[in-house]
Amino acid sequence: MTYDVLIPSRLMAALLPDLILMVGGMVLMLFSAWRRDSAEHQRSVGLAAMALIVVTIGAVVWMAMGGATAPTNGPIAVDGFRWVTDIVVLLAALATIALAVEYNARHGISHPESHVLVLFGTAGMMILAAGRDLMVVFLGIEIMSVAVYVLTGLNRRSARAAEASLKYFLLGAFATGFLLYGIALVYGATGTTQFTEISTAIREYNLHEHPMLWVGIGLMLIGLGFKVAAVPFHMWAPDVYDGSPTPTSAFMIAAVKAAAFATFLRLWYEGFYYTSTVWHSAVWWLAAITMVVGNVVALAQGNIKRMLAYSSIAHAGYLLVTVASANGAGTSAFLFYIFAYTLATFGAFAVIGVLEHGGDRPAMIWDYEGLWHTRPWLASAMAVFMLALLGFPFFGGIGFFAKWYVLQAALASPQMLASLAVILVLTSLVSAGYYLQVVRVMFMKQRPEGAVEPPAIGAFTRAVIGVTAVLILGFGLFPSQLVRVGEGSGMPQYPFSPALGIKVPAPLR
């Protein structure tokens, strides 16, 4: 079905999944405030939020299977790229709440509104995935950011959480100013805020050398660079990810990054494609520096959450390669990558949440020494997640193919990004130093005497760990169907040439 999103009633229909989540979230907000905070009430709101997310996923799948489309000249997109991104962020929200229900109970966090904030943050991410207008993008970023600011400092008894929340809020507000000024300058140069109309104005009026447009694109690159934690706009990330409650850290590292990159790709491909001579070098260097700094600094970390924070910075560099590739294969590789990255991230943080001590004590890598001897299945699952993030063949499952397809997109680029592909490979080799360190201490060290044994694992946490590990390994053996979904869900190839398909090696078909 084709939705003419310039007609208000059809626009509302095209936003059906987003409206389901928002309206349901507001109802749950009233329900969470109706009773006094307690562990039981926190759990009931969490279960209701999970049910709402499942309904929203059903609405997304229904619209995607129904072939929902829209013209390219509206404020929102109705295409496969939006639907796949929506499903990824909704699955991330579902895993976040599943982990938080039990994590909050263990750590004495009885605020039921935490689950509602996850819903609102996810609604902002869905708006970002759909946004085809700079005003819609700004609205989505603000809805997402305000919710995540509060989630970061939700543990009021933690000084580290308060510090993380304050840093994130102050630096986030500063970065939003860059983004807003960039939007204003782009509008001043082109006279429009819609992506396709921006592209048309640049082409028809030869604006690719307009200094106001150059500055606007540069400011927007800084604002979005902060949201995805690209170097040198990454300084907030380690403190924020380390200080936040563990489920919130996973939510920010995976879902926030996925949504921000989705709007990054759509804006750069649909709006700024004809100015690629202006921004391509900047994105190239941003990707290269982010991959190098993220991986090298991660080597020095003893705190596992800070190590994964720098790892997430490195992964932002890998995803920037899909932006720099400026081709249809880049969008398909992006969708494949964020799905694999989300699975591995949530699985790893689910294990961290199980082994995390109470209080403000940081989670250290040596806490995992000898885990194989006491919890072999937990150690095995953590090894799968580390190897998936590394991109190790076979045992890393889907993670290997995620990096493989990013490399293919880089090599298929009109700019022939061979040097950037080499940097990606070399920095991935560097990352083995810290991912395999976690595997080494789990399997090759003895459990220290007097070490606190991991507590019993709740059903939801066990489900997140088990499902993510199985999906990583399963899609690693049979990635063909997932690749076809990615190829069929790339953005409409406007204004560039048709997508270069990604082919799976023959033995795996």
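This is a predicted model: local features need pLDDT of at least 70, side-chain atom pairs count only at pLDDT 80 or more; totals for chains, interfaces and linings use all residues.
Arg266 is buried, at a relative accessible area of 0%.

**A buried charged network**

Side chains of opposite charge can pair when their charged atoms come close. Arg266 pairs in this way with Glu270, in a salt bridge of 3.4 Å from N to O. Arg266 and Glu270 are about one helical turn apart, because 4 residues separate them in helix α11. An α-helix has 3.6 residues a turn, so residues three or four places apart point the same way. Glu270 is buried as well, with a relative accessible area of 2%. Salt bridges with shared partners connect Asp79, Arg132, Arg266 and Glu270 in one network.

Glu270 also meets the side chain of Arg132 in a salt bridge, at 2.9 Å from N to O. Glu270 is in helix α11 and Arg132 in the loop between α5 and α6, so this pair ties together parts 138 residues apart in sequence. Both residues, Glu270 and Arg132, are buried.

Arg132 has a salt bridge to Asp79 too, at 3.5 Å from N to O. Here again distant parts of the chain are linked: Asp79 is in the loop between α3 (39-65) and α4 (80-106), Arg132 is in the loop between α5 (113-130) and α6 (134-152), and the two are 53 residues apart. Arg132 counts as buried because its relative accessibility is 2%, under the limit of 20%. Asp79 counts as buried at 8% relative accessibility. In the whole structure, a search finds 11 salt bridges.

| Salt bridge | N to O distance |
|---|---|
| Asp79 and Arg132 | 3.5 Å |
| Glu270 and Arg132 | 2.9 Å |
| Arg266 and Glu270 | 3.4 Å |

**Aromatic pairs and a cluster**

The whole structure holds 24 aromatic pairs. One of them is formed by Phe261 and Phe264, whose ring centres are 5.9 Å apart and whose planes lie at 15 degrees, so the pair is stacked. These two residues are 3 residues apart in helix α11, and therefore separated by about one helical turn. Phe261 and Phe264 are both buried.

Phe400 and Trp404 make another such pair, with ring centres 6.3 Å apart and planes at 25 degrees, so this pair is stacked. Phe400 and Trp404 are separated by about one helical turn, because they lie 4 residues apart in helix α17 (residues 398-411). Phe400 counts as partly exposed at 27% relative accessibility. Trp404 is partly exposed as well, with a relative accessible area of 37%.

Phe261 and Phe264 also take part in one aromatic cluster, together with Phe81, Trp268, Phe272, Trp279 and Phe334.

**Packing of α11 against α14**

Two packed helices are described by the angle between their axes and the distance between the axes. For helix α11 (residues 246-271) and helix α14 (residues 328-355), the angle is about 170 degrees and the axes are 8 Å apart. Helix α11 is therefore roughly antiparallel to α14, because angles over 145 degrees count as such. On the α11 side, the contact includes Thr246, Ser249, Phe251, Lys257, Phe261, Leu265 and Tyr269. On the α14 side, the residues include Gly330, Phe334, Ile338, Tyr341, Phe346, Phe349 and Gly353. Sorted by class, this contact has 15 nonpolar, 7 polar and 1 charged residues.

**Helix α8 and its cover**

Which residues of helix α8 (residues 195-204) are buried? They are Phe195, Thr196, Ile198, Ser199, Ala201 and Ile202. The cover over these buried residues includes α11, along with α6, α7 (159-190) and α9 (211-227). Just after α8, Asn206 has a positive phi of about 55 degrees.

**Thr56 in α3**

Thr56 is a residue of helix α3. Thr56 counts as buried, with 0% relative accessibility. Neighbours within four places in sequence aside, Thr56 is in contact with Pro17, Ile20, Leu21, Leu90 and Met126.

Conventions: Residues are numbered from 1 along each chain as its sequence is written. Side-chain values use heavy atoms; hydrogens and water are left out. Axes are lines fitted to C-alpha atoms, for helices over the stretch in contact, and angles run from 0 to 180 degrees between N-to-C directions. Angles under 35 degrees count as roughly parallel, over 145 as roughly antiparallel, 65 to 115 as roughly perpendicular and the rest as oblique. Contact means heavy atoms within 4.5 Å. Ala, Val, Leu, Ile, Met, Phe, Trp, Tyr, Cys and Pro count as nonpolar, Asp, Glu, Lys and Arg as charged, and the others, Gly among them, as polar. A salt bridge is a side-chain nitrogen of Lys or Arg within 4 Å of a carboxyl oxygen of Asp or Glu. Buried means under 20% relative accessible area, exposed over 50%, partly exposed in between (1.4 Å probe, protein chains only). Rings of Phe, Tyr and Trp (its six-membered ring) pair if their centres lie within 6.5 Å; planes under 30 degrees apart count as stacked, over 60 as edge-to-face and the rest as tilted.
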